[in-house]
Amino acid sequence: MSALTNTSSIISQLLELLGADKVSTNTSVCDAHSHGEAYHGANMPEAVIFAESTQDVSAVLKLCHAHRVPVVAFGAGTSVEGHVTPPAHSISLDLSRMVDILEVNSPDLDCRVQAGITRQALNTFLRDTGLFFPVDPGGEATLGGMCATRASGTAAVRYGTMKENVLGLTVVMANGEVIQTGGRVRKSSTGYDLTSLFIGSEGTLGIITEVQLRLHGVPEQISAAVCQFDRLDDAVTTATEIIQMGIPIARVELLDDVQMEACIAFSSLTEFQPLTTLFFEFAGAPAAVSEQIALTESIALDNNGRSFSWADTQDERNRLWKARHNAYWAIKAKSTGKQVISTDCIVPISLLTDLITGVRQDIEQSGLYAAILGHVGDGNFHTLIVTEDTQEGYQQALDLDRKIVARALALGGSCSGEHGVGLGKLEFLETEHGSGALSVMRAVKAAFDPHNILNPGKLLPAGPVFEG
Ligand SMILES: Cc1cc2nc3c(=O)[nH]c(=O)nc-3n(C[C@H](O)[C@H](O)[C@H](O)COP(=O)(O)OP(=O)(O)OC[C@H]3O[C@@H](n4cnc5c(N)ncnc54)[C@H](O)[C@@H]3O)c2cc1C
């Protein structure tokens, strides 16, 4: 039977099994699942399945496994490297209806949620408990998608990424079998760490249906500040020295002058100049916060920072961080009719100033309009490259991205600190990990998904498999 006939027969069986409410072949629904928030080409799935339970996911995978039909898990579709672009004759498995909060264990600071809930919805639910979940990628992402991309965000410098904040998972394997990984305890030294293996696996090893998360207490005091700089390297050095001094800063985000100009216009930040800027957040007991602020201010002033502007009320803080989270949309708004490509790389923090100043020169040489912003406290930043919406335009942007990645890898960094591989970063994996490590990764993939039905073609470039 051809792949297409296989998929058509599966769709009829899924309709019978799950009902018409959960299976759609509608063109606009398929179109909405044909791509993520990325420049990689779109491709329509044959159908979209809206799972409502682990059992639904298991039923879909059992059928697709038996008939060798590819399945692409879809959370909110905010990933930026082509992760959710369906291959030919595949099914998109949407988890966004799985939004239940299954338990909140306040005394142990943990909770269990279904994979389709967004981080914003979880935090709204937790608002009166004194607890919160800190990992905050910019988009309205789902917890399942965040696990699958090993996401982080502005608060990772203090609270870590998804890797540090997931205690356990329920996962449906390629053949439909349901397994549990990890648990509720803070540590365990038993068995292989399957939870970590699924975190960052981009839907290629199993479909996550439930997530056990670590929660954190809302700090007693939170203060936010902004400091502007005339020079990019002074701002990056300030962030680096804050981390090297061990100041437990809650957030430290860089926006270069290009990004700041766009944010001022998009988010009405009219009190600021279009200069390179650091956004800071300090959190903890009042005395500790005062100490962190004093140390940070003195480091910034020593590096030629201008005076600090303070956001003391929650409304002012929300306004600042919303503007930071809208940075991508601010550049998009300035670039009507063009494409915005978001790159992502990371280096050890002591090398960040060298890398970012080098990348600024690369941007100038390219002649492209591009902004630099990022989670500099982790050594991680993005370049938002604006390009003509043509093949030539893409090529120019990709050439610049390749230069940026080459600089990061030469400094012992990674081609992605948080966005992941998808399709966009495949070409860099061998240089970053080496052929031996890649062949072991392919052996893991073959063991978990022997018929290669789970998001095929993503995360791993083709090549030899480790055979021992
Ligand atoms: C404006 C903007 C800002 C962003 N900022 C950040 C940032 O600061 N930090 C960051 O880390 N990312 C950032 N991102 C990227 C994106 O938000 C993250 O990658 C996010 O984790 C994706 O979640 P999602 O629910 O949208 O997943 P999707 O895009 O739907 O899926 C992503 C991948 O996970 C797989 N997947 C989804 N759900 C599951 C599941 N339940 N089980 C198994 N696999 C699954 C998919 O198959 C796909 O491979 C940003 C994106 C945008 C548009």
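Predicted model: local features only at pLDDT ≥ 70, side-chain atom pairs only at ≥ 80, totals over all residues.
Asn 105 has its bridge partner, Asp 110, in strand E6. Strand E5, residues 101-105, and E6 run antiparallel and are joined by 4 bridges. Between the two strands of this hairpin there are 4 residues, and Leu 109 takes a positive phi near 55° there.

Now follow strand E6 itself, which covers residues 110-114. How many of its residues are buried? The count is 4 of 5, so the strand is mostly covered, going by the cut-off of 20 or more other C-beta atoms within 10 Å. Strand E6 also pairs with E10, in the antiparallel sense and over 5 bridges. Within that pairing, Gln 114 stands opposite Glu 210 of E10.

Strand E10, residues 207-214, leads us to the ligand, as E10 is one of the elements that supply at least two residues of the shell around it. Strand E3 (71-74) and helix H5 (143-149) do this too. Which element gives the most to the shell? Helix H5 does, with 5 residues. In total, 37 residues surround the ligand, and the closest are Gly 75, Gly 138, Gly 144, Gly 145 and Gly 203. Sorted by class, the shell holds 16 nonpolar, 17 polar and 4 charged residues. A UniProt record, from an unreviewed entry, lists residues 41-218 as "domain: FAD-binding PCMH-type". Over that stretch the chain is 24% helix and 26% strand, with its end C-alpha atoms 41 Å apart.

Strand E3 belongs to another part of the picture as well. An open sheet of 4 strands has the order E1-E2-E4-E3, and its pairing is mixed. At its edges are strand E1 (23-24) and E3, each of which pairs on one side only. Strands in a sheet are held in pairs through backbone hydrogen bonds, either parallel or antiparallel. E3 and strand E4, residues 91-94, pair in the parallel sense over 4 bridges. Here the bridge partner of Ala 73 is Leu 93 in E4.

Apart from residues up to four places away in sequence, Leu 93 touches Ile 49, Ala 51, Val 57, Val 60, Val 71, Val 72, Ala 73, Phe 74 and Ile 207. The largest nonpolar core has 126 residues, and Leu 93 is among those with the most contacts inside it, along with Ile 49, Val 71 and Cys 147. In soluble globular proteins, nonpolar side chains tend to be buried together.

Is Val 23 buried or exposed? Val 23 is buried, because 20 other C-beta atoms lie within 10 Å. Beyond its neighbours within four places in sequence, Val 23 is in contact with Ile 11, Leu 14, Leu 15, Leu 18, Ala 47 and Ile 49. Val 23 and Ser 12, 11 residues apart in sequence, are 9.4 Å apart in space, C-alpha to C-alpha.

Arg 68 is not a glycine, yet it has a positive phi of about 60°. Arg 68 sits in the loop between helix H3 (54-67) and E3, and it counts as partly exposed because 15 other C-beta atoms lie within 10 Å. Asn 455, also not a glycine, has a positive phi of about 40°. Asn 455 lies in the segment after helix H17 (435-448), and it is buried, with 27 other C-beta atoms within 10 Å.

Definitions and conventions. Residues numbered from 1 in each chain as written. UniProt positions renumbered as here; feature names shortened; annotations may be inferred. Near = placed C-beta within 6 Å. Nonpolar A, V, L, I, M, F, W, Y, C, P; charged D, E, K, R; others polar. Pairing = 2+ DSSP bridges. Core = buried A, V, L, I, M, F, W, Y, C linked by C-beta atoms within 7 Å. Buried ≥ 20, exposed ≤ 12 C-beta atoms within 10 Å, placed from the backbone. Contact = placed C-beta atoms within 7 Å.
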